[in-house]
Amino acid sequence: MKTVMLFLLALFVYQKWDLINNYFNPPPDFSVQHGGKVILYSAEWCGYCKETRKLLEHQNIPFYEYDIEKSAEGFKQFKRLKGKGVPLVFIGGEVVRGYDPSQILRLANEH
């Protein structure tokens, strides 16, 4: 029984590791460098990046964009935020991985 409980606890920690890690080790606030704007980390070829850009523009949400393949600084920030794929959106100290319109709009409206 203890083994099963330990396994379930380990599985939970594994699934929620990003949330747990961000609680104890929050990501740096790169938005300060850009006047508090939303930051979009993208790549030119990425269709979901284009959709994210359109969403931000249509909602009149000011943002700064880094193409991580062309910007050394953008790539460095992307890696510090533990980026694994694009788009990655940084809003008010929180990270949205992938194209998630509802989460992007919720966080943008909160900040």
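Leaving aside neighbours within four places in sequence, which residues is Thr-52 in contact with?

**Before starting**

This is a predicted model, in which local features need pLDDT of at least 70 and side-chain atom pairs count only at pLDDT 80 or more, while totals for chains, interfaces and linings use all residues. Residues are numbered from 1 along each chain as its sequence is written, and side-chain values use heavy atoms, with hydrogens and water left out.

**Whole chain**

Show the C-alpha trace, which spans about 55 × 30 × 25 Å along its principal axes. Colour by secondary structure: the protein has five helices and four strands. Helices (H or I, at least four residues) and strands (E, at least two) are DSSP runs, numbered from the N terminus. Their pattern along the sequence is α-α-β-α-β-α-β-β-α.

Of the 111 residues, 34% are buried. Buried means under 20% relative accessible area, exposed over 50%, and partly exposed in between (1.4 Å probe, protein chains only). Among contacts with a separation of 6 or more, 58% are between residues 24 or more positions apart; a contact means heavy atoms within 4.5 Å.

**Helix H1**

Select residues 2-15. This is H1, with 14 residues, and it reaches 20 Å from its first C-alpha to its last, close to the 20 Å expected at 1.5 Å a residue. The expected span is 1.5 Å times one less than the number of residues. The number of buried residues in H1 is zero, so the helix lies largely in the open.

**The sheet**

Select the four strands. They form an open sheet in the order S2-S1-S3-S4, with mixed pairing. S2 (63-67) and S4 (94-97) are at the edges with a single partner strand each, so one side of each is left without a neighbour in the sheet. From one strand to the next the twist averages 20°. Two strands count as paired if DSSP finds at least two bridges between them.

Now select S1, residues 38-42. Five of its five residues are buried, so S1 is largely enclosed by the rest of the structure. Val-38, Leu-40 and Ser-42 point one way from the strand, and Ile-39 and Tyr-41 point the other way. In a regular strand the side chains alternate between the two faces of the sheet. S1 pairs with S2 in the parallel sense over five bridges, and Tyr-41 has Tyr-66 in S2 as its bridge partner.

Move to S3, residues 88-91, which runs antiparallel to S4 and is joined to it by four bridges. Two of the pairs to pick out are Phe-90 opposite Val-95 and Leu-88 with Arg-97. S3 and S4 form a hairpin with two residues between them, and Gly-92 in the turn has a positive phi of about 55°.

**Helix H3**

Select residues 47-58. The 12 residues of H3 should span 16 Å at 1.5 Å a residue, and the end C-alpha atoms are 16 Å apart, which agrees. Show the side chains of Cys-49, Thr-52, Leu-55 and Leu-56, the buried residues of H3. Seen down the helix axis they fall within an arc of 120°, so they line one face of H3; the arc is that of the directions from the helix axis to the C-beta atoms. What covers them includes S1, S2, S3 and helix H5 (101-110).

Back to the opening question. Thr-52 is in H3 and is buried, with a relative accessible area of 0%. Beyond its neighbours within four places in sequence, Thr-52 is in contact with Leu-40, Pro-87, Val-89, Tyr-99 and Ile-104. After H3, stop at Asn-60, whose phi is positive, near 55°.

**Helix H4**

Select residues 72-80. H4 lies across S1, S2 and S3 and runs at about 100° to S1. Axes are lines fitted to C-alpha atoms, for helices over the stretch in contact, and angles run from 0 to 180 degrees between N-to-C directions.

Within H4, pick Gln-77. Is Gln-77 buried or exposed? At 0% relative accessibility, Gln-77 counts as buried. With neighbours within four places in sequence set aside, Gln-77 is in contact with Phe-30, Gln-33, Ile-39, Tyr-41 and Tyr-66. The side chain of Gln-77 also makes a polar contact with the side chain of Glu-73 (2.8 Å). A polar contact is a pair of N or O atoms within 3.5 Å; within protein, one must be able to donate a hydrogen and the other to accept it, and residues adjacent in sequence count only if both atoms are side-chain atoms.
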